[in-house]
Amino acid sequence: MTEVVFVGTSDAFGAGGRRQSAIFLRAPSGALLVDCGATTGSGLAGLGIERDEIEAIVVSHFHGDHFGGIPLLLLAALYEDRRRRPLRIAGPPGTEARVRALAAAMSHSLEDREWTFAIDFQELPAGREAAVGPVRVRSFETHHSPDSVPHGLVIETGAQRIAYSGDTGWFDGLPGQVAGSQLFVTECTYRTTQNNFDFHLSHEQLVEKKHLFDCGRIVLTHLGAEMSDRRGLADFETADDGMRLRL
Ligand SMILES: [Zn+2]
Ligand SMILES: [Zn+2]
């Protein structure tokens with residue numbers, strides 16, 4: 001059994017008072033965090049999830065609402081938890097440089113500290129499956145701000161396959177990338193496509209394309225203001241902060 005805990009389900013701006021993107025997966029083989037927004041530390045604490053349980057953080061792309069929480073999570077692991085076991089941080093090409101630069105920009109540099117645990121960085125180039133801590137991960141490129149190196153993820157936790165869109169606008173290859181997953185967690189920032197960025201999905205688009213997805217269960221996250229208000233009214237399940245699923 002794999003437990004999926006939605007730590008944060010808002011768009012970049014905390015719509016509806018929700019926290020930014022993060023999903024905690026507790027698989028039989030171990031636990032990982034998928035994305036770690038600036039508000040994820042509060043989310044983990046609020047939900048009673050121990051940082052020390054996290055074996056790996058997998059990052060979809062380098063926007064602040066998806067990886068901005070990593071520097072302070074690392075410092076909390078060091079100073080609050082006195083962590084001993086290694087922590088893996090996996091993500092798109094350039095992950096180590098991005099995390100180090102982010103930490104330095106926040107005046108929380110990772111250099112010149114007596115780390116009690118190893119931080120292992122790992123790059124996940126699109127299309128190549130790799131072991132990441134307790135799971136296997138395959139990433140795929142998405143249609144989103146190119147400078148954020150955007151990727152979606154397909155995560156195998158033993159018998160379960162969980163797909164995550166990361167941030168993306170519509171592209172025709174998306175259904176094929178996530179086909180066969182028991183759970184597809186997809187971003188749905190907007191209610192309609194009109195007058196909105198091409199780099200995010202809308203509820204309108206997902207309703208129109210729903211028949212293309214061969215996935216057991218589809219759950220919407222990364223909800224903007226209008227979607228946050230419409231939860232429970234959509235043609236899909238919508239996630240809420242703290243929602244737990246068992247697969
Ligand atoms: Zn985002
Ligand atoms: Zn983004």
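1. Strands E11 (residues 183-187) and E12 are paired in the parallel sense, with five bridges between them. Strands here are DSSP E runs of at least two residues and helices are H or I runs of at least four, numbered from the N terminus; two strands pair if DSSP finds at least two bridges between them. Within this pair, Thr-186 stands opposite Leu-220 in E12.

2. The model is predicted: local features need pLDDT of at least 70 and side-chain atom pairs pLDDT 80 or more, while totals for chains, interfaces and linings use all residues. Residues are numbered from 1 along each chain as its sequence is written, chains are lettered from A and ligands numbered from 1 in the order written, and side-chain values use heavy atoms, without hydrogens and water.

3. E12 also pairs in the parallel sense with strand E13 (residues 237-238), over two bridges, and Leu-220 stands opposite Thr-238 in E13. Of the five residues of E12 (residues 217-221), four are buried, buried being under 20% relative accessible area, exposed over 50% and partly exposed in between (1.4 Å probe, protein chains only). E11, helix H6 (residues 203-209) and E12 form a right-handed β-α-β unit; right-handed means that, with the strands pointing away from the viewer, the path from the first strand over the helix to the second runs clockwise.

4. The largest nonpolar core has 29 residues, and Phe-24, Leu-33, Ile-57, Ile-70, Leu-74 and Val-99 have the most contacts inside it. Such a core is a set of buried Ala, Val, Leu, Ile, Met, Phe, Trp, Tyr and Cys residues joined through side-chain atoms within 4.5 Å. Helix H3 (70-79) is among the elements that give two or more residues to this core, and the largest share, six residues, comes from H3. A second, separate core has 25 residues, including Leu-153, Ile-155, Leu-183 and Val-219.

5. Donors are N, O and S atoms within 2.8 Å of the metal (3.2 Å for Na, K and Ca); water is not among the atoms, so sites may look incomplete.

6. Asp-167 coordinates both the zinc ion (ligand 2) and the zinc ion (ligand 1), which are 3.6 Å apart. His-63 lies in the loop between E4 and helix H2 (64-67) and His-144 in the loop between strands E8 (135-141) and E9 (151-157), so the pair ties together parts 81 residues apart in sequence. His-63 is partly exposed at 23% relative accessibility, whereas His-144 is buried at 4%.
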